[in-house]
Amino acid sequence: AAYARGWVDKKNLKKYQAMKHDSEGNSEKNYSLQYLIGQCTDFQNELTQLEFVCAQQGAAALITPKYHAELAGEGIEYTW
């Protein structure tokens, strides 16, 4: 998708990676394919398959980040 949109520099194809980081561990936005695709509004607004199926059934799926400190105690891990 990023290549088709002209966001990828054809002369520097070997520099691109799925998740590109500099020597300090910071995301290198110019050559990170994940970052480039993440900027596409059609990908940002896309429902996951679980969200789509739930919406068809009249329900909602609340997707939370795994292992997030602020959400600890809110998930299924604490209902067992």
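Tutor: Let us begin with exposure. A residue is called buried under 20% relative accessible area, exposed over 50%, and partly exposed in between. Please keep in mind that this is a predicted model.

Student: Is Leu-47 buried, partly exposed or exposed?

Tutor: Leu-47 has a relative accessible area of 46%, so this residue is partly exposed. Leu-47 sits in the loop that links α2 (41-44) to α3 (49-56).

Student: Which residues form a nonpolar patch on the surface?

Tutor: In soluble globular proteins, nonpolar side chains tend to be buried together. In this model, a surface patch of nonpolar residues is formed by Leu-47, Phe-52 and Val-53. Together, these residues have about 260 Å² of accessible area.

Student: Where is Ile-63, and is this residue buried or exposed?

Tutor: Ile-63 belongs to the segment after α3. Its relative accessible area is 51%, and because the cut-off for exposed is over 50%, Ile-63 counts as exposed.

Student: Which residues does Ile-63 touch, apart from those up to four places away in sequence?

Tutor: Ile-63 touches Leu-50 and Glu-51. Leu-50 is 13 residues from Ile-63 along the chain, and the C-alpha atoms of the two are 9.4 Å apart.

Student: Which residues make up the largest nonpolar core?

Tutor: That core has 5 residues, namely Ala-2, Val-8, Tyr-16, Tyr-31 and Leu-36. Setting aside neighbours within four places in sequence, Ala-2 is in contact with Trp-7, Val-8, Leu-36 and Ile-37.

Student: How many helices and strands does the protein have?

Tutor: The secondary structure consists of 3 helices and 0 strands, and along the sequence the pattern reads α-α-α.

Student: What share of the residues is buried, and what is the accessible surface of the protein?

Tutor: Of the 80 residues in the protein, 11% are buried. The accessible surface is about 7,100 Å², and carbon and sulfur atoms account for 53% of that area.

Student: Finally, what share of contacts joins residues at least 24 apart?

Tutor: When contacts between residues at least 6 apart in sequence are considered, 19% join residues at least 24 apart.

Note on methods. Residues numbered from 1 in each chain as written. Predicted model: local features only at pLDDT ≥ 70, side-chain atom pairs only at ≥ 80, totals over all residues. Heavy atoms only, no water. Patch = residues over 30% accessible without salt bridge, like charges linked within 9 Å, V, L, I, M, F, W, Y side chains within 5 Å. Areas by Shrake-Rupley, 256 points an atom, 1.4 Å probe, with all protein chains shown as cover. Salt bridge = Lys/Arg side-chain N within 4 Å of Asp/Glu carboxyl O. Helix = DSSP H or I, 4+ residues; strand = E, 2+ residues; numbered from the N terminus. Buried < 20%, exposed > 50% of the residue type's maximum accessible area, 1.4 Å probe, protein only. Contact = heavy atoms within 4.5 Å. Core = buried A, V, L, I, M, F, W, Y, C linked by side-chain atoms within 4.5 Å.
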